[in-house]
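I opened the model and looked up a few places in turn. My notes follow.

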Amino acid sequence: MTQHLAAPAAATTGTSTSRGWWREAVIYQVYPRSFADSNGDGMGDLEGVRSRLPYLRDLGVDAVWVSPFYASPQADAGYDVADYRAIDPMFGTLHDADAVIREAHELGLRIIVDLVPNHCSDQHEWFKQALREGPGSPLRERFHFRPGRGPAGTEPPNDWESIFGGPAWTRTENPDGTPGEWYLHLFAPEQPDFNWEHPAVQDEFRSILRFWLDLGTDGFRIDVAHGLVKAPGLPDLGRDEQLKLLGNQVLPFFDQDGVHEIYRSWRKVLDEYAGDRIGVAEAWTPSAERTALYLRPDELHQAFNFHYLTTDWDAAALRGAIDESLDAMRPVGAPTTWVLSNHDVVRHATRFAEGDPQRGQRRARAAALLMLALPGSAYVYQGEELGLPEVTDLPDEVRQDPSFFKENGQDGLRDGCRVPLPWSGTKAPYGFGPEEGGPSWLPQPQGWGALSVEAQSGDPASMLELYRGALGVRRAHPALGAGEDVEWLAAPEGVLAFRRAAAGEGFVCTVNTTGAPVRIEAPGTLLLASAHVVVQGGAVELPADSTLWWAV
């Protein structure tokens, strides 16, 4: 049943400006089941999020993106939505969501909620009714139901593969018990894809947008934004191992040009509301130029920069990704975004480690300062400010990633970046829940107490204090934040150096991506460093895998 508030909040934070807050915002991703557990059941919840909002304010971020908390059977950690206007009881109630939004605004934070428009849950009322009514039901037109191929319809309607492995089609059973039609699900079988050619689907999601905008949310992160429209006729792709093609070419089920008309419609809804409400695309596309199409002035405001996220720790590769990203966004007037980790990828402290945890920490510190020095908006995934590594030794019996149980899909190891956060104490769940020794939905490693917020607070050498310091400088320095370009400076091989300037103040960022110190002329006055450094006689030795910020 959909929950309702008697008097929905119509809160906004500030007024619309031509600059646009999203052009330089640092946005913190909260994965609610792993953020903070208020009632001790081992699962994070909205009250836990609300209680930790002061921490996020003090960290220095501008907005909070909250991953799905909607009513859901949890076949894919909430990305299988049964009711887009209700809160799953494991997370709380609609009153709790309202409290999060209201308190965030009081603290000067904005709230972005996750929206999942490509697919819903197989427990969504539309889909359940479509199954009950059988072939010919008008509700089946809101999804992709098709007869099977072959003499008895025993083969899927086309050769598309699920992102999670196996066919992208599941056969239904008719009300009389006979084998029925097939339905499309690009992800798990419990996640049937909507048919976005149907007007009822378009109308429903405009209504959902307004529901959450009326409640006061400041925007939407749009899950699988590239997947809503499928090629006419649902043509065969003509090959297997289709997952390897993602992000390399336009596919008949991803990045079809028809998605842009949907986002033009959504932009009109967003623009009805004061306070600069925004749309953020999770769009895996073949190029930065294709991503930029989602950000034309009458479409969305931001898109995740997956090209940067997947770039190796290498000076030439990083410079190429930075230039490509800035060049692609400039023609459409959109800000570039920078991201190192999220709930779907291996944490960058482990990605960059290449088997050496200390190297991973050095590079994670350096990568954070590089990201926060670049022009545009930055995303911080919960726990990266603590230097959390990927948990790579979770027992099979505790894993919940649906692709873990499939073949030929994603690697199935996303649980490793979703382990609950350590807040305090020396024993699990390290302050994640209210009681020492209490449960957590995924087990935390021994020793995580040393990585907790409590343990790192006040330690000038900690990752947490590095993030706090960097976000403070970024907010205060006029040359940081919004922008469209950087001025590259001459630098030794393996080193990046660039200048930014605004309001008569200059800033230089130097990055040593090599495994050895590199001596250069100090470009100015040292502001912040990811590693211990000494400036002497106008020169500085850049430590291995380090980033330094300079005022010039």
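Is tryptophan 284 buried, exposed or partly exposed? I find it partly exposed, because its relative accessibility is 34% (buried is under 20% relative accessible area, exposed over 50%, partly exposed in between, with a 1.4 Å probe and protein chains only).

The model is predicted, so I note that local features need pLDDT of at least 70 and side-chain atom pairs pLDDT 80 or more, while totals for chains, interfaces and linings use all residues. Residues are numbered from 1 along each chain as its sequence is written, and side-chain values use heavy atoms, without hydrogens and water.

I place tryptophan 284 in the loop between β10 (278-281) and α7 (288-292) (helices are DSSP runs of H or I with at least four residues, strands runs of E with at least two, numbered from the N terminus). Leaving out residues up to four places away in sequence, tryptophan 284 touches His226 and Phe306 (contact means heavy atoms within 4.5 Å).

Next I looked up aspartate 193, in the loop between β8 (179-184) and α5. Aspartate 193 counts as buried because its relative accessibility is 0%. Its side chain makes a polar contact with the side chain of lysine 230 at 2.8 Å (a pair of N or O atoms within 3.5 Å; within protein, one must be able to donate a hydrogen and the other to accept it, and residues adjacent in sequence count only if both atoms are side-chain atoms). Not counting residues up to four places away in sequence, aspartate 193 touches several residues, among them Asn118, Arg142 and His185.
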